[in-house]
Amino acid sequence: MCYLFTVFDKATKELGGHKYPTFVSGLPCLRVIKRHLADDKMFNMDGPITDRDKFKSAFHSKFGECPFFQTVLSKLEICQKQLLEAFKRRFSGMDINIVWTLLFDPQYAPALHLSETEKALATKFMKKELQSLIVPLMTLPPPINEAGSSTEMDVVLLSEEEDDDVFDVSFEPIRTPIPTGRSSTTTFTDSLGSKLKKIRLEEEAKINEEVDAYLYHLSKVDVRHIKCPLGWWKENRFKYPKIAIGARKWLSVCATSTPSERVFSISGLIDTPKRSNLTGKAIFDQVLIHNNWKSLNPSLDLLQQVLN
C-alpha cells in the first residue's frame, strides 16, 4: 500500500506550498502519477523480481509464504484500478491544449513527459500563443496630416530598462510625403496595410526561430540544476525576450492556493479582537515583515526602505 501511494507523496512534496510551485509544474506530476497507476505489473509476482523492484523483493521475501499473500495482492490490484479510474475521471481534460504550457518552465522544456507527437503539438501551440500575445500589438496608427507631410509609424518591439521584466511595443516615426487625391490616398493606405502585414509575418518568423533555439538549447543542457524557473528567466529574459512574455503570463499562476491561504491565516493572527483598530496598512506591513524577515538584513534602515 505504501508503494502504491508513494507517487502521491512525492507529488505532494513537489507541489508543497512552501516551494510556491507554478501551475505548469503540476502537469508533469500528474503524468507521473498516471503512468505509475497504469503499471499493470506493479503487483505481479509471477515473473522474475529484479534488484530494481526493491519493494517487491522485500515484500515477497517477508510475506511470500503467508496464506494471505495472494489475497492481499488481489485487493491491492483492485485498489490500483479504482485509483486509476478515479484519476482519469478527475483529469480527463488534461490534453495537449493544456500540457503545452509546461514548455515555458525551463525545468520541463525538454518535455520528457510527452510523446514525440505531443512534443510537436506542444511546440506548435507555444508558438501560436506567443504570436497571439505579441503580433496583435504591432499595429500602425492612422497617418497624421500636417502641412506637407504625414507620419507613418514603424513598429519596434523593445525591452525596457535592465531592472524591469516588462516588454512593450514602441513606435518610431518615419516622415513620408502626403498623398494627394482619392486614388493616391487609397494607394497610401494599401501600402500601410502591406507594410504592417510584412512586419507581422517577419515577427512570427522571429518568434518561431526563438522558440526552436530555446527548446534546442534546453534539450542539450542538464536542467536538473535549475531550482527556480523564475530565477532562470530573470537571468535569461533578454536572451529569449519573446518567450519571456509568455513565461511571465503562465509562470505567474500558482499551482495551489496554499500561498494565499497562508496570508489569510497570518492576517487572522494579527487582526485579533484586541487589535481591531489596526489599519489595513499596518496589517499589510506586519504580514510583509513576517514573510520576508529571514531574507532581509536585520537593519532598521533597510526595513524602513522596504516598508516605504
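Predicted model: local features only at pLDDT ≥ 70, side-chain atom pairs only at ≥ 80, totals over all residues.
Trp-232 is buried, with a relative accessible area of 10%; buried means under 20%, exposed over 50% and partly exposed in between, using a 1.4 Å probe and protein chains only. Residues are numbered from 1 along each chain as its sequence is written, and side-chain values use heavy atoms, leaving out hydrogens and water.

**Aromatic rings**
- Rings of Phe, Tyr and Trp (its six-membered ring) pair if their centres lie within 6.5 Å, with planes under 30 degrees apart called stacked, over 60 edge-to-face and the rest tilted.
- By this rule there are eight aromatic pairs.
- In one of them, Trp-100 and Trp-250 have ring centres 5.6 Å apart and planes at 75°, so the pair is edge-to-face.
- Both Trp-100 and Trp-250 are buried.
- The rings of Trp-232 and Trp-233 sit with centres 5.0 Å apart and planes at 90°, so this pair is edge-to-face.
- Tyr-214, Trp-232, Trp-233 and Tyr-240 make up one aromatic cluster.

**Around Lys-127**
- At 17% relative accessibility, Lys-127 counts as buried.
- The side chains of Lys-127 and Asp-212 are joined by a polar contact of 3.0 Å (a pair of N or O atoms within 3.5 Å; within protein, one must be able to donate a hydrogen and the other to accept it, and residues adjacent in sequence count only if both atoms are side-chain atoms).
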